[in-house]
Amino acid sequence: MTAYVQYLAGMFDGFRIDNCHSTPLHVGVALLDAARVVNPDLYVCAELFTGSEDMDLHFVSRLGINSLIRESYNGWDAKEVSRLLYRYGLGKPIGSMDAACLTSPEDIPSPTGKGPSRPGLVTPLQGSTPHALLFDLTHDNESPLHKRSAEDALSTGSLAAFSYCAIGSVKGFDDLYPKLLDLVGDNRRYEIPESGVDNGISEIKKVLNHLHSEMVLYGYTEGHVHQENDYIVLHRVQPTTQKGYILVAHTGFAKGSKDRGWIKPIQLRRTKAKFILGASVEISSYEIPVDTKTIKGLPSTLKHITPFAPIEGSDGDGPYSEIVVPDYFPPGSVMVFETQMDGVDPKLEEFCKSGALEAFKELDLIDLNVLLHRCDGEERDATDGAIGAYNIPNMGNLVYCGLEGWMHPLRHIMKYNDLGHPLCGHLREGHWAMDYVSNRLLK
């Protein structure tokens, strides 16, 4: 068996371990160790259903699994599908602060336990859940026609392709094969479409798969998932440029429905949106084609949505773009928009860092104490009561008036990416904190 595994490792770039939970752990470790002798960069994904996250992590760490297989069709309603997307395909929430620097200078002991320690920089690793390989459908799942509705293949396939993780599919999903194939006993051949003809939902999936690669390569690491009734909205954003793409998908869990459903207009604050594509799938017959020689999908037609411009407006909270779902948008329909936040300079981060050394090089210890520390009483004595410790709603006063006062809550926020912290809420509501810091230093 070891020789067979090593032979395969020399032939293929990756392995898929089926029913990994039923393989004795020591056997899996021995075989994968042998495979990696032949191919050190072997990509290993696994179907793992232990029923416990702790046990999943144990298998992942012992076997060196790169990705765990997750299946979109395990969701029994739109809410559960949105949970799967949030858990495995979101990346990080929009506005995440976990990438901010927590590096600190420390003395590093000798790795051998002998000899002097050495100065170094320590950066804590936050850890993460095991990487996902998200399938719209796998080879042993029932088809969309049997599980939900045939039209749902377009919406679920689009949501999977839009996810920030590895993605996968199975032959026949894009062609709308109506039933689960017997991989062992079915000897028919797949239908080969004519050149330039896209069967089923292939035309849309082709675009979304290219978009998936673009978003991964160019760092669209942040996202937001919104579920409302049978609608799921998935927004992916590049954190530096604030350019993004947003997918509006109307899932189809019920067969035969052509109802538009209901979702509130989607408002994007201080953001422009541009229509890219949209489509629904029309299926002329749900009868399973009978052909003894060729495997065929359901007869279908992609109906493209007429391009339209989102509504632009303004209110007390500022300008916005508003996406309104068309009157005809049956279950299975999708739309994709390109988004760009207004007034974002991609060089802003570099600008904020510039000039720091020049500003600090002439400061003495007393100046640094004013800049970094000074408690409320000291500050009020020095400013005749004009300035005190900053108060954050639902949190209270900062310990110090200087920058270190802000770093105490920020360290917690950065460590846990806690965007629900009162300080994050306060920063979202307005720029009073920035005004306090700059006005204090000017005075």
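Tutor: Isoleucine 201 counts as buried, because its relative accessibility is 0% and the cut-off for buried is under 20%. The model is predicted, and every value here is computed from it. Isoleucine 201 sits in the loop between S9 and H7. Setting aside the neighbours within four places in sequence, isoleucine 201 is in contact with Ala153, Leu154, Phe173, Asp174, Leu176, Val281 and Leu302. Between the C-alpha atoms of isoleucine 201 and glutamate 404 there are 55 Å, and the two residues are 203 residues apart along the chain.

One of those contacts, Leu176, deserves a separate look. Leucine 176 belongs to the loop between strand S8 (166-168) and strand S9 (189-190). With a relative accessible area of 5%, leucine 176 is buried. Its backbone has a phi near 65°, which is a positive value in a residue other than glycine.

Glutamine 242 also has a positive phi in a residue other than glycine, near 60°. Glutamine 242 lies in the loop between strand S11 (231-237) and strand S12 (243-250). Its relative accessible area is 17%, and glutamine 242 is therefore classed as buried under the 20% limit.

For an exposed residue, take proline 116, whose relative accessible area is 66%; the label applies because exposed means over 50%. Proline 116 is placed in the loop between strand S5 (104-108) and strand S6 (118-122). From proline 116 to threonine 301 the separation is 185 residues in sequence and 72 Å in space, C-alpha to C-alpha.

Helix H7 (202-217) leads on to the second largest pocket, as one of the elements that give two or more residues to its lining. The others are helix H4 (78-88), strand S4 (92-93) and helix H12 (403-416). The space in this second largest pocket comes to about 790 Å³. Its lining has 25 residues, and Gly91, Lys92, Gly127, Ser128 and Thr129 are the ones nearest the centre. By class, the lining residues of the second largest pocket are 12 nonpolar, nine polar and four charged.

Key. Residues are numbered from 1 along each chain as its sequence is written. This is a predicted model: local features need pLDDT of at least 70, side-chain atom pairs count only at pLDDT 80 or more; totals for chains, interfaces and linings use all residues. Side-chain values use heavy atoms; hydrogens and water are left out. On a 1 Å grid over the protein atoms alone, a cavity is a set of points where a 1.4 Å probe fits but cannot get out, and a pocket is an open set with protein on both sides within 12 Å along at least five of seven lines; lining residues have an atom within 4 Å of a point. Grid points are joined across faces, edges and corners, and a volume is the space filled by probe spheres set on the points. Helices (H or I, at least four residues) and strands (E, at least two) are DSSP runs, numbered from the N terminus. Ala, Val, Leu, Ile, Met, Phe, Trp, Tyr, Cys and Pro count as nonpolar, Asp, Glu, Lys and Arg as charged, and the others, Gly among them, as polar. Buried means under 20% relative accessible area, exposed over 50%, partly exposed in between (1.4 Å probe, protein chains only). Contact means heavy atoms within 4.5 Å.
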